[in-house]
Structures are given as structure tokens and as C-alpha cells.
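Subject: The model, and what turned up in it

Hi,

Here is the structure I promised to pass on. Have a look at it first, and my notes follow below.

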Amino acid sequence: MSDDRTVEIEDYTAPAGGWGSMKSLVEISAREKVGPEVIRELARQNKPDGFACVSCAWGKPAHPHVAEFCENGAKATAWELTSFRVTPAFFEQHTVSELIGWKDYDLEQAGRLTHPLKYDAATDKYAACSWDEAFAGIGAKLKTYDPTKVIFYASGRASLETSYMYSLLARMYGSQNLPDSSNMCHETTSVGLKSAIGSAVGTIHLSDYEKCDAIFYFGQNPGVNSPRFLHPLRDCAKRGVEIVVFNPLKERGLEKFQDPQNPIEMVTGKSTPIASQYHQLKTGGDVGAIMGMCKYLIEADDNAKRINGLPVLDHAFLAEHTTGFEAFADVARATEWSTIEHESGLPRTEIEAAAKVYAKSKAVIAVYGMGLTQHVGGIDNVHMVVNLMLLRGNIGKPGAGMGPVRGHSNVQGQRTVGITEKPELAPLDKLAEQYGFEPPREKGWDTVEACEAVLDGSAQAFVGLGGNFVRAIPDHARMEPKWRALDLTVHIATKLNRSHLLPGETSYLLPCLGRIETDMQGTGPQSVSIEDSFSQIYGSKGKATPASETLLSEPAIVAGIAKATLAPNPKLDWDAWVRDYARVRDAIEVTYPDLFKNFNDQMFTPGGFWKGVPAAHREWKTKSGKAEINVPQALNVTGFEEADGRFRLMTLRSNDQFNTTVYGYHDRFRGVKGTRDIVFMNRSDMIRMGITDGDDVDLVGDAGGNSDRRLNKLRVVEYAIPEGCLGAYYPECNLLIPVAHHARESHVPAAKSVPVRIEKTR
């Protein structure tokens, strides 16, 4: 498990991409000891006849680059096709109590799981079992529970076919407890956009980046989270598109990018500047900054009206397509600039400079990520971006619209095919007719509610389709002991992670094929499908050699659990679905005829096929039938007040990770190597507290006076971060987030503004 953990902290001045990316790919390929097959698979990655990347949900173009993969996408491929294996012999050598002391990186670096396993409490080890034994044991246990007390979690990597089958399994069993990755990141988007414009997803196409003349960018880091986005951003910058960024940290991918596929840039060292304006607001300051822009635009329009000048706002659009403008405009006019400056952390001059760009632009795309969604007032954040866009009619026309950047490669698609705890989002009547059963009608548990159910003891069992649920959720010190009190835990996974080391009374670990691997079933090799951030749906073909002959596919595992748990259903043949995934797609088309017409015929269309988004053509599925302009509850979205010694902590991913998966210990863009135990801090805050660069400090939770959440011995790194704000790595910092600290309405954990205090390590 060893690699270079020598700690080095130094400034990194190179651009995103370039030789740094190339070196990183060489390093991970050597570390995973991958063979020539990886080169072949990288050539197929994100291609129309290849496989969809298992990392982020960025779009797959109809006319791809020669290498249509990014640094993190290539890392994900090497990580999945690693030469390392975790066989039953591994567990003969290591107890669960020993393994739980390993780092996240070391657990997953051990390699691919090869055999189904059952936890043996007597030896504190996982031991091999047969697939039949696992399915029979799981089915027998599930039959004894109240279905409304069983959690069916789904990670965002599972295909549309698997997700549809999994949601049917849960509902036929009687459970609507279907939390998923969206609950932890973009549920705020689903709720906020749905209430404001009637569509719960982004409204733009990938091609809109070729038509826009400005991009307003909030709280998203493309260099780490979606590096293929850097190519359209570079193209936009080169043709003069204004890219105005609001983000607490200077992220390298938004500053400059060197295209690894451009020989001239690679040889000369040239790069393309990305942001034309970069505003480092304090974390949680977006509503204040956007209110300032809206105030400027509305008052400029008022002045234009007084002098018979050209209007700044699109009054025809506002009158025909929106409601709520006058109430919002009154609030914007009445909001003092001193309040806006204080809450945003930005001077008026910077906010007005951004507003002037917006005022002169004809087609604007608004991009945002979890920097907006993971706050207590996250819905206000999303609503304010919508408000800004509506003022000049920038939704529902070419080159303009909402562009939320989703995380996992199919997290949006899972919702499309029924992974949701909300009964109103699933076609329950249609499912009842199609399969002859009565689905549960009550609301199920989302992620936060599932955590609360585990804490209060009402949850009986957990079934996880991928992911690392216990590591991804907040409040580790409270959650982990309670997790082991569950009667049953089942994990479908490719690699070992910390969640697997918190077994319930009975626990199974079920290893599955990866998306890149050949999935051979009764009718031959199978393909699956995914949906990206642009609501485009693609086919994906795995061709790599499976990590083990004993692995089953995700659909086969879901079907195995279903057959062992549910009574036979004459309207559903699980075995037939596993033999031929095209039959699953036919069933999806019956359930969702408007979204999946001719599904099997369309799935390998270059560039994918669009499921349709009503707001993209100005059809507003809201209560009023128009786009709603909303007044925010407050300019402070953190959910807590400022106080002496209280900091706003934002959790971050490093350049060497994707979600909870840590690929290595080199956060290249932030100049941190060999450790993840650091906290980024403003120099003025350090001086005020008598802290110097390199000191060790503890972070202590400061929510509701509760100080029992503590993360010890983090090295302070002086960094260009706004005063009063801190940055440190996810998921380690989830320890500091109370389960109750979440976005209103959407229940997304508020990981981008966590109240903490700093104490020097003793």
C-alpha cells in the first residue's frame, strides 16, 4: 500500500492541463500497473461507439477529440482496470477492525473485489460465499423487515438499466426509501430549478457554448471536477466570450488552460487565459453578489426609462414569461450596497463590473456547481441565478440558459428512471398498471432522513448500489457506531471502501463488473446507457477483460436479490431482462414514452439523444405557468450568524480524487503533495490568531454550541482565500458537519459553509 507520502507544500504556477496532466496519467498508470488494454480503452472513452466515462457527467460530443478523456477520467479508467485484486485470501489476512484504520486511498488501492463475501462476526473477517448463498441470505432477511424501514441507496454511476431495475425492486418490495448521490449534491438544483422554471435540470445543450457571448460562473471547479469542460471554455475564451467567475478560491482551470492535445501549446508552453473577471467572494456570499448585479441592472433600467434610453432589461420577456418581477425589483432597489458588500465580501466596483458585462451580452450561460447547492440557503442561491438570467431573457434561447454541472456520470439519469424518494417524481400509476402491483405512495427517506433513521434506530437494513455512503454523509463520529446496529447491510461494489467496514449484524459484499468491462449475458455482450448534465442519453459498450470470472453485472445482482426477495410476477421476467438488457430498455420506454421513444434504436446516436427539457423552449411547468422570480429569504445562506472566532469552512476535492475516491496524494493545482491533513487559511486570519504557516491546528464544530465534532492536527497552509473562510478536504471534514446542517427544502448537506472554530493542536 506504500507510495510517496513525503509532504511538500509549494506554489504551483503552471496551467491546468498541459504536462502536469500528462505526468499525472503516467504516474497513476504505473501505480495501478495497468497493461496495454488501458490504452485501447482510453481510445474508446466517451466515443459514440465506446464507453461512457465512469467519472463525471460532462457531455459526450458527436464529433469527439482524438483523446476524448481528461486527466480525472483517465485516472478513473486506470483505477477500474487496475491489476490489483482483493481475493478471499486478502480477508484471511486482515480483520475488519484492522482495515477500518486504513486510509481511504489504501483501501481502494488494494484492488478489485473478486468474490461475493459475507461478514463473520466471530472472526471479524469477510469470508467467501456463493452467489446463491448471498442472494438467498439477503432475500430471507429482507422478508422479515418492515419495507418502509429499509434503505435502498443508489450511487450515481449505475446505468439507466440498473437504476430502473433497482427502483422497481425497492417499490415492489414496498419501500420508497431511495436516496441517491443527488441528495448529497444537486438536489438543491432539482428543487430550486423545478420551483422557478418548472424543469429540474439544466436548459442548455453542449452546442450552446458555441453560441454564447458571456458565461457567468459560480462555485464550480472544472479543472478538478469536469476537466473536459476546459476545452469549450478555452474555445469560448479564444473567440472573445467574457467569462465572469465568482468563486472563493482561485481555481487553476478557471485561470488558464494548456490543451494537452495542442502540440504548439505543449511545445511552447503557451496557455489560454480563461476568466476575464475573477471575483473571490466569501463562501456563502453568492446571493449578495447576485443581488448586487440585479440591483445595478434594475436601477440602470430605471434610469434608462427616465431619459428615454434603451432598456437594460427584457421587458417583453418579463411580461410574457415571468411573474414576481416587481416584488423582487423593489427588494433589490431597497437593499443597501453596504449590506451587499458585507454579505458578498466583494466591493461594489467589482460587482458592478460584472453587471456591466451581463448588461451588454446578448446570450449568457450561467454555470454553477456545489459551491451554490451545498448551503443552508442553497435554494436561494439557485433562485438568484435564475432571477439574474430572467432579467434579460437568458433562458430558452440559443446560446443562453442554466448550466448546472452534475457530478457522477449518471446521477441525473437515475432520477429520470425512478430513483427518487419523492412519490410525485415517479410514474407510480403507470408502474402499477405495467407490473400489476401497488407501489408505496408515501414519501420515502432522502439521504438526511435515512441518516436520522439510522441514528434513532428506526432503520432496519441498508442496501447500497455502489458508492461509499457512510463516508460521503455528514457526522461520521455519530453515524459510524450506529451503522453497525443495522440488522442487514448489503453493498454492491467494485472496490473496498470504508462503508464496507461497518458491517451490520448480517453483512454482504457483492462485487460487480465495471462499466468498462465486457458484460457477457445469455444473448451476447451487453450495452448500457447513461444520461449526462445536458439531458442527452448515450449507449456505452464495455470491452475490457473482467477483473474476475466470478463477477456478476449490476443488473444480474439486482435481479438476483429481487428473485430471492419478491414473489414471482407474471408481468416481469427478471431472468429475461438479464439475458438481454434491450428488454429493460423496452420496459423503460413503456414507462416513460415521452422521454425514451425508440430507446434501443437511438441509444448509440452520436452525441446522444435529448430527452427534452420544457424550460429550454420556454414552457414553464410551474404553478403559475410562468417562470417564477423569487425573493431570497436572506443574503446570508450559511444558516448561521457571524461570531468572533467562528469560521466558514468549505469542503474541497483535491486534484487527485473524484467524490470519495482518492486516487493519490497530490493536489497539484493547490501545491499540496503527500498529505490530505491540511487546512487552507487567509494570512490576515493567521496573524490575528497567532498562527504561522505549517502550524498544526484542530478544527472544532461550532454548530449550536456543540464542540464534540473535532478534526485533529491539520497543517495550516497560507492561501489566497477570503478572510473568515477556511478550506479543507472532503470527505475527511464531513466529521464536522451535523446531520441537521443541510439545505432547506432539498436537505443537501451544507458542506460549503460549515461553522467551525480553530484551536492550536496541543
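Let me start with a question: does Cys-451 count as buried or exposed? At 1% relative accessibility, Cys-451 counts as buried. Buried here means under 20% relative accessible area, exposed means over 50%, and partly exposed is in between, with a 1.4 Å probe and protein chains only.

Before the rest, some housekeeping. This is a predicted model, so local features need pLDDT of at least 70 and side-chain atom pairs count only at pLDDT 80 or more, while totals for chains, interfaces and linings use all residues. Residues are numbered from 1 along each chain as its sequence is written, and side-chain values use heavy atoms, with hydrogens and water left out.

Cysteines

With a disulfide taken as a pair of cysteine sulfur atoms within 2.5 Å, the count is zero. As for Cys-451, it is in no disulfide either, and the nearest cysteine sulfur, that of Cys-185, is 14 Å away.

Helix H7

Helices (H or I, at least four residues) and strands (E, at least two) are DSSP runs, numbered from the N terminus. H7 covers residues 131-142, which makes 12 residues, and it reaches 16 Å from its first C-alpha to its last. That is close to the 16 Å expected, where the expected span is 1.5 Å times one less than the number of residues. Its buried residues are Trp-131, Ala-134, Phe-135, Gly-137, Ile-138, Gly-139 and Leu-142. What covers them includes strands S7 (150-154), S17 (488-493) and S18 (506-511), along with helices H8 (160-173) and H26 (554-565).

Contact means heavy atoms within 4.5 Å. Pro-227 is in the loop between helix H10 (222-225) and helix H11 (230-238), and at 10% relative accessibility it counts as buried. Not counting residues up to four places away in sequence, Pro-227 touches Cys-70, Asn-72 and Pro-222. Pro-227 and Asn-72 are 155 residues apart in sequence, yet 7.3 Å apart in space, C-alpha to C-alpha.

Arg-471 sits in helix H24 (residues 469-472) and is buried at 12% relative accessibility. Leaving aside neighbours within four places in sequence, the contacts of Arg-471 include Asp-104, Arg-498, Thr-660 and Glu-732.

Pockets and cavities

On a 1 Å grid over the protein atoms alone, a cavity is a set of points where a 1.4 Å probe fits but cannot get out, and a pocket is an open set with protein on both sides within 12 Å along at least five of seven lines; lining residues have an atom within 4 Å of a point. Grid points are joined across faces, edges and corners, and a volume is the space filled by probe spheres set on the points.

The largest pocket holds about 780 Å³ of space. It is lined by 27 residues, with Lys-194, Ala-200, Arg-415, Leu-425 and Lys-611 nearest its centre. Helix H9 (187-197) and helix H21 (411-416) are the elements that give two or more residues to that lining.

There are five cavities of 30 Å³ or more. The second largest cavity holds about 100 Å³, and its lining of 16 residues has Lys-47, Pro-48, Lys-60, Tyr-538 and Gly-539 nearest the centre.

Cheers
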